[in-house]
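Thanks for asking me to look this over. Here are my notes, as numbered points you can follow alongside the structure.

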Amino acid sequence: MEESIAGFKQRGSWGDIVEHGERISRALRDAGVESEAFEAWDEWRPKAHETLGEDVEEKTAEQASISEGPGEREGKGPEEDIKSAGEKLTESYEKVEEGDNDGALQRWQDSIDYATRAADSAGRKAIRTVEDTVYRKVMTQLAPYYFDNELISANIQRSSRGGETEFVFEVNVNDDELKDEVSDRLAEYDDEVDRWHVDTEKQVEAAEAVEGAEFSSPDNEGSSKSTRN
């Protein structure tokens, strides 16, 4: 592993970068990090049974997409909110006829709120469609697979050297103090553990059957190797 101001970089096989991600997750856990940002990172990081061109790409597209709006978080679609806006507007007219000006104003405001939320949800949905298309068709051809939130910034690149596939996985902890603690813990793992035992079941037989991946079992010597793509 290479360590610099840009983060912790690991070059090697798919198994090597899987271990790299697992070590960093373990270091963050041992440092007491518990947050949605950590869970998002831990979900995104590459797993032994995954592939870069399918699984990690899919997760990158999802995490890069615009966040949900208030209506979406409540499970309400734009059509449903538009219907509610119309109903509140009708109620507003009825309150005016009844002489209840305060009630009419409240229903009118509710109608505006629903209409605004519907427009927000529809706009976000449209943006996501564009984002997904652009990301899948363009960005994956130009940029590495990446992850970014307030806790972690990371990217994976793939290259071929001498007919063999090599991966480069760089992970940066965005808080400097936490980054120093993670660095210390990674050094401790190297000193105390002869061979890192990964947390994720490798599913060796399935991987070999699908993609010809070669992983050493925990009882065998040697580093993990893979030809994941």
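**Notes on the model**

1. Let me begin at a loop. N149 sits in the loop that runs between β3 and β4. Please keep in mind throughout that this is a predicted model. Is N149 buried or exposed? With a relative accessible area of 16%, N149 is buried, because buried means under 20%. A polar atom of the N149 side chain lies 2.8 Å from the backbone nitrogen of L151. Leaving aside neighbours within four places in sequence, N149 is in contact with A37, A40 and N174.

2. Now the overall layout. The protein chain has 8 helices and 5 strands. Followed along the sequence, the elements of the protein chain come in the pattern β-β-α-α-α-α-α-α-β-β-β-α-α. The protein chain has 229 residues, of which 39% count as buried. If you take contacts in the protein chain between residues at least 6 apart in sequence, 62% of them join residues at least 24 apart. The accessible surface of the protein chain is about 13,300 Å², and carbon and sulfur atoms account for 45% of that surface.

3. In soluble globular proteins, nonpolar side chains tend to be buried together. Here the largest nonpolar core has 29 residues, and L28, W41 and I152 are those with the most contacts inside it. At least two residues of this core come from each of α1 (14–30), α2, α3 (52–64), β3 (145–148), β4 (152–161), β5 (164–173) and α7 (176–192). Helix α1 gives the most to this core, with 6 residues.

4. Helix α1 deserves a paragraph of its own. How many of the 17 residues of α1 are buried? The count is 13, so α1 is mostly covered, with buried meaning under 20% relative accessible area. The length of α1 also checks out: at 1.5 Å a residue, its 17 residues should span 24 Å, and the end C-alpha atoms are 24 Å apart, which agrees. After α1 comes G32, which has a positive phi, near 85°.

5. D42 is a residue I would point out to you. D42 has its place in helix α2 (residues 36–44). At a relative accessible area of 14%, D42 is buried. The side chains of D42 and S25 are joined by a polar contact of 2.7 Å. Not counting residues up to four places away in sequence, D42 touches S25, R29 and K47.

6. On to charged pairs. Side chains of opposite charge can pair when their charged atoms come close. The structure holds 9 salt bridges. One of them joins the side chains of E91 and R107, at 3.1 Å from N to O. Why does this pair tie together separate parts of the chain? E91 lies in helix α5 (residues 78–98) and R107 in helix α6 (residues 101–142), so the pair links parts that are 16 residues apart in sequence. E91 counts as partly exposed at 27% relative accessibility, and R107 counts as partly exposed at 23%.

7. Other salt bridges stay within a helix. An α-helix has 3.6 residues a turn, so residues three or four places apart point the same way. The side chains of K95 and E98 meet in a salt bridge of 3.9 Å, N to O. K95 and E98 are 3 residues apart in helix α5, which puts about one helical turn between them. At 56% relative accessibility, E98 counts as exposed.

8. E181 forms a salt bridge with R185, and their closest N and O atoms are 3.2 Å apart. These two residues, E181 and R185, are 4 residues apart in helix α7 and separated by about one helical turn. E181 is partly exposed, with a relative accessible area of 31%, and R185 is partly exposed, with a relative accessible area of 23%.

Methods:
Residues are numbered from 1 along each chain as its sequence is written. This is a predicted model: local features need pLDDT of at least 70, side-chain atom pairs count only at pLDDT 80 or more; totals for chains, interfaces and linings use all residues. Side-chain values use heavy atoms; hydrogens and water are left out. Buried means under 20% relative accessible area, exposed over 50%, partly exposed in between (1.4 Å probe, protein chains only). A polar contact is a pair of N or O atoms within 3.5 Å; within protein, one must be able to donate a hydrogen and the other to accept it, and residues adjacent in sequence count only if both atoms are side-chain atoms. Contact means heavy atoms within 4.5 Å. A nonpolar core is a set of buried Ala, Val, Leu, Ile, Met, Phe, Trp, Tyr and Cys residues joined through side-chain atoms within 4.5 Å. The expected span of a helix is 1.5 Å times one less than its number of residues. A salt bridge is a side-chain nitrogen of Lys or Arg within 4 Å of a carboxyl oxygen of Asp or Glu. Accessible areas come from the Shrake-Rupley method with a 1.4 Å probe; for residues, only the protein chains shown count as cover.
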